[in-house]
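The following note comments on a single chain and is arranged as numbered points. Please read it beside the sequence and the coordinates.

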Amino acid sequence: MAAMLGAGDMGQIPLEQWFFETPVCTRYWTTAVVLTGVLVQCHILTPFQLFYSYRAVFSKGQYWRLITTFVYFGPLSLNLLFHIFFIQRYARMLEESAPSRAHFAWLLAYAATTLLCLAPLLSVAFLGSTLSSTLVYIWARRHPDVQLSFLGLFVFTAPWLPWVMLGLSVLMHGQWPKDELCGIIVGHVWYFFNDIYPSTHNGSRPMDPPTWWRRLFEGRAWNPAADNDDAATATEVVPPVNANGDDHLVHAAPAPEVQ
C-alpha cells in the first residue's frame with residue numbers, strides 16, 4: 001500500500017514528504033497562510049482582526065497584528081494559490097541557498113520590520129504580498145542569467161521579473177501598486193548591502209545576522225571564519241526549466257486591502 005501511494009522509506013505520502021522537505025521558515029510561513037485563509041473562509045476570523053494598524057497595535061495592545069498582516073492573502077481562492085506558489089518557489093529557493101537558517105530568518109526579520117515602519121506612510125494594511133515582492137526581487141537579482149517566460153508569450157531574464165509583475169498589476173488594476181513598489185525598494189536595499197557592498201568594502205557585511213541572533217538558531221557562538229566559508233560554498237538553487245530552457249511565470253495579484 002505504501003508503494004502504491006508513492007511513500008518513501010518512512011511511509012510518507014508525497015504531500016507529506018514535500019511538506020517536511022520544505023525549509024523550516026518557508027514551511028511555517030506557508031502553513032500560517034493556509035490556516036489563516038481557512039479560518040477566514042470559515043468565518044472564525046475576519047480580515048478586520050488581521051490587518052496592521054499602528055494605533056491598534058501600539059495603543060490598544062493588539063500585537064498579533066504584527067504577524068497576521070504577513071500571513072493573510074485573502075480567503076480560499078485562486079489568488080491565494082498564486083501567492084502560495086510564489087512563497088513556495090522563491091522564498092524556498094532563497095532559504096535553501098542561504099548560508100544558514102539564521103541568515104534567512106534575519107532577512108525575513110529585516111524585511112518585516114522595515115515594511116512595518118513604512119506601512120503607516122503608505123496606508124498598506126496587509127503586508128504579505130509586499131514581503132513576497134521583496135523576496136522575489138532579491139532572488140531575481142541573484143539569478144541574472146535565468147531565462148523566464150510569461151505564458152510562452154515573451155521571454156525575459158530573471159532581473160526583469162519584479163518589473164513584469166509590476167506592469168501586470170498596473171494593467172489589471174489601473175494604478176501603480178504601492179505595496180509591490182515598496183517591496184522592490186526594501187529588497188534592493190538588502191541586495192545592495194548583502195551582495196554588492198562587501199565586494200567594494202573589504203568584505204564588510206553589514207546585513208549579516210548578529211551573534212545573538214545566530215545563537216538563537218544554532219545554539220553556539222558565532223564563528224566569522226565559518227560564516228564566510230558557508231557564504232562562499234552556499235549552493236545556488238535555480239528553478240527547473242522546460243525543454244526550451246524557459247521557465248513559466250504565473251502572476252500573483254496583490255492581496256486585498258481593507259479600507
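1. From the N terminus on, the order of elements is α-α-α-α-α-α-α-β-β-α-α-α-α-β, made up of 11 helices and 3 strands. Helices (H or I, at least four residues) and strands (E, at least two) are DSSP runs, numbered from the N terminus. The model is predicted: local features need pLDDT of at least 70, side-chain atom pairs count only at pLDDT 80 or more, and totals for chains, interfaces and linings use all residues. Residues are numbered from 1 along each chain as its sequence is written, and side-chain values use heavy atoms, with hydrogens and water left out.

2. Of the 259 residues in the chain, 43% are buried. Here buried means under 20% relative accessible area, exposed over 50%, and partly exposed in between (1.4 Å probe, protein chains only). Among contacts with a separation of 6 or more, 67% join residues 24 or more positions apart; a contact means heavy atoms within 4.5 Å.

3. Helix H9 covers residues 178-200, 23 residues in number, and reaches 32 Å from its first C-alpha to its last, close to the 33 Å expected at 1.5 Å a residue. The expected span is 1.5 Å times one less than the number of residues. After H9 comes Asn-202, with a positive phi near 55 degrees.

4. Which residues of H9 are buried? They are Asp-179, Glu-180, Cys-182, Gly-183, Ile-184, Val-186, Gly-187, Trp-190, Tyr-191, Asn-194 and Pro-198. Their cover includes helix H6 (101-122), helix H7 (128-142) and helix H8 (161-173).

5. Lys-178, in helix H9, counts as partly exposed because its relative accessibility is 36%. Not counting residues up to four places away in sequence, Lys-178 touches Leu-122, Ser-123 and Val-124. The C-alpha atoms of Lys-178 and Thr-130 are separated by 8.9 Å, although the two residues are 48 apart along the chain.

6. Thr-134 belongs to helix H7 and is buried, its relative accessible area being 0%. Leaving aside neighbours within four places in sequence, Thr-134 is in contact with Ala-111, Leu-115, Gly-183, Val-186 and Gly-187.

7. The 13 residues of H8 should span 18 Å at 1.5 Å a residue, and the end C-alpha atoms are 18 Å apart, so the two values agree. Buried in H8 are Leu-161, Pro-162, Val-164, Met-165, Leu-166, Leu-168 and Ser-169. Gly-174 follows H8 and has a positive phi, near 75 degrees.

8. The structure holds 2 cavities of 30 Å³ or more. On a 1 Å grid over the protein atoms alone, a cavity is a set of points where a 1.4 Å probe fits but cannot get out, and lining residues have an atom within 4 Å of a point. Grid points are joined across faces, edges and corners, and a volume is the space filled by probe spheres set on the points.

9. The second largest cavity contains about 50 Å³ of space. Its lining consists of Ser-133, Val-136, Pro-162, Met-165, Glu-180 and Ile-184, with at least two residues supplied by each of H7, H8 and H9. By class, this lining has 4 nonpolar, 1 polar and 1 charged residues. Ala, Val, Leu, Ile, Met, Phe, Trp, Tyr, Cys and Pro count as nonpolar, Asp, Glu, Lys and Arg as charged, and the others, Gly among them, as polar.

Definitions and conventions. On a 1 Å grid over the protein atoms alone, a cavity is a set of points where a 1.4 Å probe fits but cannot get out, and a pocket is an open set with protein on both sides within 12 Å along at least five of seven lines; lining residues have an atom within 4 Å of a point.
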